[in-house]
Amino acid sequence: MSYIIKGHKHDWEIVIGLEIHAQVISNSKLFSGSATAFGSDPNTQVSLIDAAMPGMLPVINKHCIAQAVKTGLGLNAKINMYSVFERKNYFYADLPQGYQITQFLHPIVVEGLLTIDMEDGSTREIGIERLHMEQDAGKSIHDKDPRRTFIDLNRAGVCLMEIVSHPAMHSPEEAGAYVRKVRSIVRYLETCDGNMEEGSMRADVNVSVRPVGDTKLWTRTETKNVNSVRFMMQAIEFEAQRQVEVWEAGGEVKQQTRLFDPDSGETRSMRSKEEAHDYRYFPCPDLLPIELTQSYVDDIKATMPELPDAKKHRLMSDNGLSAYDADVLVAEREVADYFEIVAKGRDAKVAANWVISNLFGALKGAEKGILESPVSAENLGNLLDLLADDTISGRIAKDVFEIMFSTGQDPAAIVEEKGLKQITDTGAIEAAVDQAIAENPEQADEVRAGNGKAIGWFVGQVMQKTQGKANPQAVNKLLRDKLGG
Amino acid sequence: MPPVASRLILLFRKWSNKMTKPNELTIADARDALTKGDLSAVELTTSCIQAMDGAQDLNAFITETPELSLERAAQSDARIAKKESRGALEGIPIAVKDLYCTEGVLTTAASHILDGFVPPYESTVTENLRNAGSVMTGKTNLDEFAMGSANVTSHYGPVKNPWKLDDGKDRVPGGSSGGSAAAVAAHLSLGAIGTDTGGSIRQPASFCGIVGMKPTYGRCSRWGTVAFASSLDQAGPMTKTVRDAAIMLQGMAGHDVKDSTSVPMVVPDFEAAITGDVRGLKVGIPKEYVIDGALEEISEIWKKGAEMLRDAGAEIIDITLPHTKYALPAYYIIAPAEASSNLSRYDGVRYGLRVEGDSLDEMYANTRGEGFGDEVKRRILIGAYVLSAGYYDAYYVKAQQVRSRIAEDFNTAFQDVDVILTPTAPSTAFAIGEKMDDPIVMYMNDVFTVPASMAGLPCISVPGGLGDDGLPLGLHLISKPFDEQTLFRAADVLERQANFTAQPKGWEINR
């Protein structure tokens, strides 16, 4: 499914590369002991190091390195045993040191590969150029005062992973799928919470266009800090369209940094190449190079959970799920964990069906996430057990589920309390069948005359008499025996 | 060395003759007197404070801390009385270069841009010294951000060398640790701490006729010391004797988890390494340190130094350090590069000077324009230039390659010798105002000290004698990484052989 922009002169294709900034989950910052919690009062999580007081020195937080290595492994990438922190020099009020400590020539992770899942069930592989670690800057707050800018340094020094893709995506959908996949993996790994609203995951989007068939890269623009998948896709669409119009009008797209405005859905120029900083990178002399050993990497590898792709393949091959169902179930680690509990020792297809149709439907209606589900995975499993051993019928199961969803109760307790156990005693069912036939002689005759539809009507009658508890198969069989339908 | 007791008797005889005041003691002697109870820390500190009062003209201190030092001296006396002495430095007055952040005490780096900056924290080195019982007498003057070789770039004015000649001109004390050197030479404190990036301890020690020692890079923590060039900066003692330097370094050194470049090694007993015996010690004389146009007196003192060590039983060996001539130019790329980045934090946003402007960029320009002096600006510009796109490979990368070659030169040389002897500085102290027109002439002051800095090696300047003009000249010893013990042993013997007893002339200590 290719995404082509029809111009007057050419058909145009988009080329997209993404730089995702993912905030590392860690209790303290990359080079200081300050806390990292989101939403704290301004400037309450700032150490002498974060504020760049004279003589202060960074000390690497080893946990952050482990997180980056883990993420690299999750992205099927190569871990560099030798990597270096460098200084990226520029002045800004929320950058206390006057430089950002980042990785430049020797990043910790290179050459990754990510499989993205498209809506139509197809997959594509997107190359990842590198993952490097860096410090976040603080926050400048311009809208509190007409004349002054306030600075909050809580975020200054928090560890980010910058994950840089190759310019290998060609539609907003692919870019969206890529971000969702990265998000899924870092959440599985618990290396980033993937929360785009709080800014713990944000993307810079590089976009260029070229006539279909051309293989070289045309001038790109970089759109900064897009904070949702939807905005990113909008920004790409807008930017690609804008560039096509510029080229087709005989103009030239300028290499620029642009900002996305969520209100208008447009991008606008922030600075041109001529205004670009010369960052004067050089190795940070306060820090030693990071030197890892293979056994260190192997130890981290051993702690890795099963990742979405592997899980998806297992669910398809071992449990016979469809690609679509498997995709839906593995995308979020919490959903996958929930499903695995429900499906354990049970029919996986039935479990998948209940989770995807019944549970998701109910959660969507209640505007709840999986973690807030009133029905625990254990209880949903118990419900499936009651269904499987014919304690309740499928119809009753749906009623029980509704009660579970509103009360959070154990299904066995609900069945017991409401007397919903399926009647499997043939004698009791036969009595109800006989009664129904006796009460409705005309309809009985119709069935005997060969009207198959009427037998369904009789099943309804019997179920009514048994408050739905009769085993439908048994009812059907008895009716057919007695009415010869 | 004569037994301590007989030396003390001599010492007290001097006192009784009003010859020697407590502030004129060495650290080792003061330690013994304090331990014996012949002297109190308060008396000793008071004597230093009086000397400082009489030495205002030297401008050696930016901030004097008499109340604080008397308070700490009293605490030392109390500990000594309770037999809870913290060791060799208990009660010893030490002057601190104003590059070390000191809790609650103004810290300026001799720069306008740090106006009013009072750190809420204490640097690791000064903390270590405090924990060892020493008493800080004040914060000494220096070249702005330690950039200079004459202590003339300080926002607080130049420091005068206590050594004077009859020509009426004031001499520079060297730099950047000029205030510390002058303070020790004029007996304003028993010892001082300096910092050395390319020679900032050793060259002023040479100019002021004292001992100045730079340990191996990584031996002392840099935490809390205002950074100039991070990969070169190292703390070190400035003292009257080699033994005192060993005692002081003991109180300063040690691994610090807050500095990733400090080395997790046990600190050996430096004073114990001073045995007075250099028989069989191999001393290298690098031929590349013979410089075209060098002063005759420099080659003379160097030759004399080698003879003195030979006389004491050392073996003198000619060696080669082929890349020496590239050290200074490479240093003046790497140090400014790091400095240009290190000094970015002085932006008027959070502390120190702020000069308002109509925009953020204008505030930066105004603040840094007014806050930094010319030499600092020059180095920031050089540093930014050599790091900029298109020049980085030609300058910075090349300079780092040179640096590796220099370290290799030393490694190779140290396969054959234990220490290397060179002159410390290319001249005696020059007059304030000289060598100011051409920065390169000023940079040449570091020509003998920079190579060891580039290789991170321990090194020391010991007074070797007087130049033709009657001003002191130092001799410079370099040893293997983390072999400060051999360095102290050799330096002590050199010191004895040189028997440098001259005191600043024309400078009258407040007796």
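Two residues are in contact if their C-beta atoms, placed from the backbone, lie within 7 Å. Keep in mind that this is a predicted model.

Start in chain A, with a pair of helices. Helix α9(A) spans residues 377–388, and helix α10(A) spans residues 394–407. Their axes come within 10 Å and cross at roughly 160°. Angles over 145 degrees count as roughly antiparallel, and α9(A) and α10(A) are therefore roughly antiparallel to each other. Their crossing is right-handed.

Which residues meet there? From α9(A) come A:Asn379, A:Leu383 and A:Leu387. They meet A:Gly394, A:Ala397, A:Val400, A:Phe401 and A:Met404 in α10(A). By type, this contact has six nonpolar residues, two polar and no charged.

Next, look at the cores. In soluble globular proteins, nonpolar side chains tend to be buried together. Here the largest nonpolar core has 147 residues. B:Ile94 and B:Leu477 have the most contacts inside it. Helix α10(B) supplies the largest share of this core, ten residues. Leaving aside residues up to four places away in sequence, B:Ile94 touches, among others, B:Leu129, B:Val135, B:Met136, B:Leu190 and B:Ile193. A second, separate core has 74 residues, including A:Ile14, A:Val15, A:Ile108 and A:Ile290.

Finally, turn to where the chains touch. Chain B gives 32 residues to the contact, and chain A gives 24 residues. On the chain B side, α10, α11 and α12 each give two or more residues. The most come from α10(B), with three residues. The chain B side divides into 15 nonpolar, ten polar and seven charged residues.

Definitions and conventions:
Residues numbered from 1 in each chain as written. Chains lettered and ligands numbered in written order. Predicted model: local features only at pLDDT ≥ 70, side-chain atom pairs only at ≥ 80, totals over all residues. Helix = DSSP H or I, 4+ residues; strand = E, 2+ residues; numbered from the N terminus. Nonpolar A, V, L, I, M, F, W, Y, C, P; charged D, E, K, R; others polar. Axes fitted to C-alpha atoms, helices over the stretch in contact; angles between N-to-C directions. Parallel < 35°, antiparallel > 145°, perpendicular 65-115°, else oblique. Left-handed = near helix turned anticlockwise from the far one by under 90°. Core = buried A, V, L, I, M, F, W, Y, C linked by C-beta atoms within 7 Å. Buried ≥ 20, exposed ≤ 12 C-beta atoms within 10 Å, placed from the backbone.
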